[in-house]
Amino acid sequence: MKAYERLIKYAKIHTASSEEGSETPSTSRQFDLANALAEEMKQIGMTGVYVDGHCYVYGVIEADKGYENVTPTGFLAHIDTVPDFPGENVCPRIIENYDGGDIALSDSGRVLSPADFPHLEKLKGKTLIVTDGKTVLGADDKAGVAEIMTAAERIIKEKIPHGRVSVCFCPDEEIGHGAALLDLGRFGAELGYTVDGGALADIEYENFNAAGAEVLFRGKNVHPGGAKNTMINAALLAMEFNSMLPSADVPSLTEGYEGFFHLTEMSGAVDSAKLSYIIRDHDENTFRARKKCMEHIAKTMNEKYGEGTVTLNIKEQYRNMIEMVKPRFEVVEKAFEAARSLGLEPTASPIRGGTDGAQLSFRGLPCPNLPTGSYGHHGPYEHAVCEDMDVCTDLIINIIRCYANDKK
Ligand SMILES: [Zn+2]
């Protein structure tokens, strides 16, 4: 079975996660795909197949005879789709020999257009899978699931030499819990790869350092008619705070390695006000400086208006995996080598977000991110490219080959 055929099959199983759920998985429907995958893993000959109570699916391809000393590797993808756009009744449509132009997404009124997605021009002549404009496709990350499954099947069927390869499909990545409960002991890999990226042949091993900041402002409310030299308007304090942040360091004006402060929510009146931010930067030092900058503004305002006027709470969220990947950089080099063996020129763009792999890296499993050959994630314009999915599958197989080549 080809990877894209698997994607179409998996896409039809509703697996949206939910921000509401307090347990893992956040939605029990994720078990529908988890159980189906476990069945399929057994059918293709994987061992140790297991779905745990939190909806993680584990499976292993044991090392070939003579390859027991090869570094054990693992491949991961997530089974959930985004909670904030419909993921039920997905109707994937195949477009053969794409002409490079606009694609009307059924009768939804939505059009997938190169004007919005310039990479489409380069996909001319390829086979696309698109939505009907009413749901996500779920290629994020069912394309990754499909490619791992297809690679596993081929490794076993075609008797491709391999060390121990483990597979795990995780729930709830889209709500940030994807790797939290993964049992690394059971997984048993030394180096891992999430297959949750986009374009060929981008191999991602740097992500943001991330923190959230909540800023509370306490005002002093008196009758506005007699407020001279007395009133402190908390809403204005909030505006003052924000005005002291570097105004060009916002998501809409930054790219690549440029970090930002992102105001995600504001509320306020005279009495009290609140601002919520996320802080992002790839560079550890600049990241620290950003947090310092906020602390300095809070301190300055407290000196001006009185202690306790501004309360700043910064919460660390996740860190750049580069720190953990560097000491085992072969995990990246092997992926580059595998990409080159397929005639691809690998690139390495910094992820402007986090991945399950970032968390896993800090738990001891260095874990860069591989491409899936799908685009436009998290909305109705999501699409996958069948030929690129084949290449992504080959990439997984060749990474496994590269490790096997090192056998002692
Ligand atoms: Zn994803």
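The legends below describe close-up views of one predicted model.

Local features are given only where pLDDT is at least 70 and side-chain atom pairs only at pLDDT 80 or more, while totals for chains, interfaces and linings use all residues. Residues are numbered from 1 along each chain as its sequence is written, and side-chain values use heavy atoms, with hydrogens and water left out.

**View 1. The open sheet of six strands.** The strand order is β1-β2-β8-β3-β9-β14, and the pairing is mixed. Helices (H or I, at least four residues) and strands (E, at least two) are DSSP runs numbered from the N terminus, and two strands pair if DSSP finds at least two bridges between them. β1 (47–51) and β14 (369–370) stand at the edges with a single partner strand each, so one side of each has no neighbour in the sheet. Helix α2 (residues 30–43) packs on this sheet and touches β1, β2 and β8; contact means heavy atoms within 4.5 Å. The direction of α2 makes about 170 degrees with that of β1. Such angles run from 0 to 180 degrees between N-to-C directions, with axes fitted to C-alpha atoms, for helices over the stretch in contact. Strands β2 (residues 57–61) and β8 (residues 165–170) pair in the antiparallel sense over five bridges. The bridge partner of I61 in β8 is V165.

**View 2. The salt bridge between R164 and E62.** A salt bridge is a side-chain nitrogen of Lys or Arg within 4 Å of a carboxyl oxygen of Asp or Glu. In the R164–E62 pair, the closest N and O atoms are 4.0 Å apart. R164 lies in the loop between α3 (139–157) and β8, and E62 in the loop between β2 and β3 (73–78), so the pair ties together parts that are 102 residues apart in sequence. Buried means under 20% relative accessible area, exposed means over 50%, and partly exposed is in between (1.4 Å probe, protein chains only). R164 is partly exposed at 21%, and E62 is partly exposed at 45%.

**View 3. Further salt bridges.** The whole structure holds 23 salt bridges. In one of them, D406 and K334 bring their closest N and O atoms to 2.7 Å. D406 lies in the segment after α10 (386–404) and K334 in helix α8 (residues 330–341), 72 residues apart, and the pair links distant parts of the chain. D406 is partly exposed, with a relative accessible area of 44%, whereas K334 is buried at 10%. Salt bridges with shared partners join R6, K9, E40, E153 and K157 into one network. Another salt bridge is formed by E330 and R328, with the closest N and O atoms 3.0 Å apart. E330 is partly exposed at 27%, and R328 is partly exposed at 25%.

View 4. Seven residues of domain 1 are in contact with nine residues of domain 2. The area buried between domain 1 and domain 2 is about 630 Å², with 49% from carbon and sulfur atoms. Buried area is the accessible area (1.4 Å probe) that two parts lose on being put together, summed over both. E206, P350 and R352 supply 69% of the area that domain 1 buries against domain 2, more than any other three residues.

**View 5. The surroundings of I232.** I232 is found in the loop between β10 (209–218) and α5 (234–243). The residue is buried, with a relative accessible area of 18%. Leaving aside residues up to four places away in sequence, I232 touches R218, G219, K220, L237, V270 and Y305. From C-alpha to C-alpha, I232 and T309 are 9.3 Å apart, although 77 residues separate them in sequence.

**View 6. The open sheet of four strands.** The order is β4-β7-β16-β15, with antiparallel pairing. At the edges, β4 (93–95) and β15 (374–375) each pair on one side only. Between β4 and strand β7 (residues 128–130) there are three bridges, and the partner of I95 in β7 is L128. Helix α1 (residues 3–11) lies across β4, β7 and β16 (383–385), at about 5 degrees to β7. Helix α10 lies across β7, β15 and β16, at about 65 degrees to β16.
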